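Here is a friendly walk through one structure, with the cut-offs spelled out along the way. Have the viewer ready as you read.

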Amino acid sequence: MLVNEAKSTMKLALPIIFGELAQMALHIIDTAMIGNIGNYKQLAAAALVMSVINIPFVFGIGITFAVSQMVSMAHGRRDGQLVSHYFYNGFWLCAIAALIISGGLELGKNILFHLGQDAEVARLAVPFLQLMGWSIIPMILFMALKQFTDGLEFTRTAMLLSILALPINVFINWLLIFGNWGFPRLELVGAGFGTLITRSLVFIVLGLVILSHKTFRKYVAVRSNQWKINRATMQRLLQIGVPSSLQIGMEAGAFCISGIIIGTISPVAQAAHQIALVCASFTFMVSMGLAQGGSIRTSNAFGRKDWTKINAIGRSTLIMALMYGIFCAVLFTSLRNYLPAFFTKENETGAKEVASLAGYLLLFAAIFQISDSTQAVSAGLLRGIKDVKTPTILIAVAYWVVGIPFGYIMAKQFHLGAVGIWLGFIIGLTLSSLFLSIRFLRISGKNKLIPG
């Protein structure tokens, strides 16, 4: 039974995984192309911006998770009208969140000068932050539409658009970062424009597909009855979206705050941290895809109150996450001396130091691959059964009460620098994995939600 459930989850999750990898590949391409400008401080500036922007950005992404959860549950009940209703309200909730996040980043851009960073790094980062901040609007709107299609288990459309976005982004970067074909050489700012343009295009195209394709026609056809803002519906979406945002926001926040702390050590340490983090984030996208696939399937089964199915889906998905984490650990250990070369320019000042430290940090990334994968999947499974409040507290304890303070002490008091911070990652992720996995297995084994 577990093998069959694993196959079904993987069938649903694979397009999500490829879509997530394509989105992450956009970030990797930006990082690699920025790293080849010839000034490692531009790479450090990009790292600073991502450290600042990821916390509010991930909060917005968490809000979109509510769309897939509620759509999937309504779909499990075979209630097409309710699916349409949740989609419409969820989209506008995400739009409001996107505007608040982008506007806040624009108003607070000068915070970059007050984080104890290298002065030139902060100066280079400001215009990049502005462009990346405004690109959050089309990205969150695209994610809202994607969560709607994913919740209905139509996962290929968004995947194809994400993959098609890759060559578009590369081409725009090539024009604007390096000033080819007569375009101005904008360097880091060019990468920001490339992201903004690419994200806008994929959002518009997916929106047109949903409004016009026969697959989604029945949900659009009932718009006169169901496409109305409903306060109670918004509250139900927020009850899932806010805790989900806090969960993934606390993990992303841990990495972001750590990046800012590392930035106070040196630009070399910050650039190395960015390289190692990009590599770890890329492999994490597979775990996120597995988590979303498992979450959608458990949510569908939860709509029917089929606890036997929920337990089987959960256990099989956790086993896949464990196997994948082991694979990634071996991969990072084997390639730790080769991967940093893709993000640095040979003979550039500081390149050897950056690459050497990044390779060392990848060893620590290898250690936490198993816990990172299993904690992401277990959090997704708990979202699928609408258990979000207690897991949020458990994640907060793992990262912010234990992991980050431990890493800070190791970095500052024991003078381990970036290595100390990454030791904190290992502690936080391991605790989170244990807390969440045990909770899901306990709940699904008892066939009922535990109060709180």
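## A threonine in a loop

Does Thr-155 count as buried or exposed? At 6% relative accessibility, Thr-155 counts as buried, where buried means under 20% relative accessible area, exposed over 50% and partly exposed in between, with a 1.4 Å probe and protein chains only. Thr-155 sits in the loop that runs between helix 4 (119-151) and helix 5. Helices here are DSSP runs of H or I with at least four residues, and strands are runs of E with at least two, numbered from the N terminus.

Leaving aside residues up to four places away in sequence, Thr-155 touches Leu-12, Pro-15, Ile-16, Thr-149 and Asp-150. Contact means heavy atoms within 4.5 Å.

## About the model

This is a predicted model, in which local features need pLDDT of at least 70 and side-chain atom pairs count only at pLDDT 80 or more, while totals for chains, interfaces and linings use all residues. Residues are numbered from 1 along each chain as its sequence is written, and side-chain values use heavy atoms, with hydrogens and water left out.

## Helix 11 against helix 13

Helix 11 (residues 307-335) packs with helix 13 (residues 369-384) at an angle of about 155°, and their axes are 7 Å apart. The axes are lines fitted to C-alpha atoms over the stretch in contact, and angles run from 0 to 180 degrees between N-to-C directions.

Among the residues making the contact are Gly-314, Leu-318 and Phe-332 of helix 11, with Ile-370, Val-377 and Leu-381 of helix 13. The contact residues divide into 11 nonpolar, seven polar and no charged. Here Ala, Val, Leu, Ile, Met, Phe, Trp, Tyr, Cys and Pro count as nonpolar, Asp, Glu, Lys and Arg as charged, and the others, Gly among them, as polar.

## Aromatic pairs

Rings of Phe, Tyr and Trp (its six-membered ring) pair if their centres lie within 6.5 Å; planes under 30 degrees apart count as stacked, over 60 as edge-to-face and the rest as tilted. By this rule there are 16 aromatic pairs. Phe-171 and Trp-181 form an edge-to-face pair, 5.4 Å centre to centre with 75° between the planes. Phe-171 lies in helix 5 (residues 156-176) and Trp-181 in the loop between helix 5 and helix 6 (188-212), so the pair ties together parts 10 residues apart in sequence. Trp-181 counts as exposed at 64% relative accessibility.
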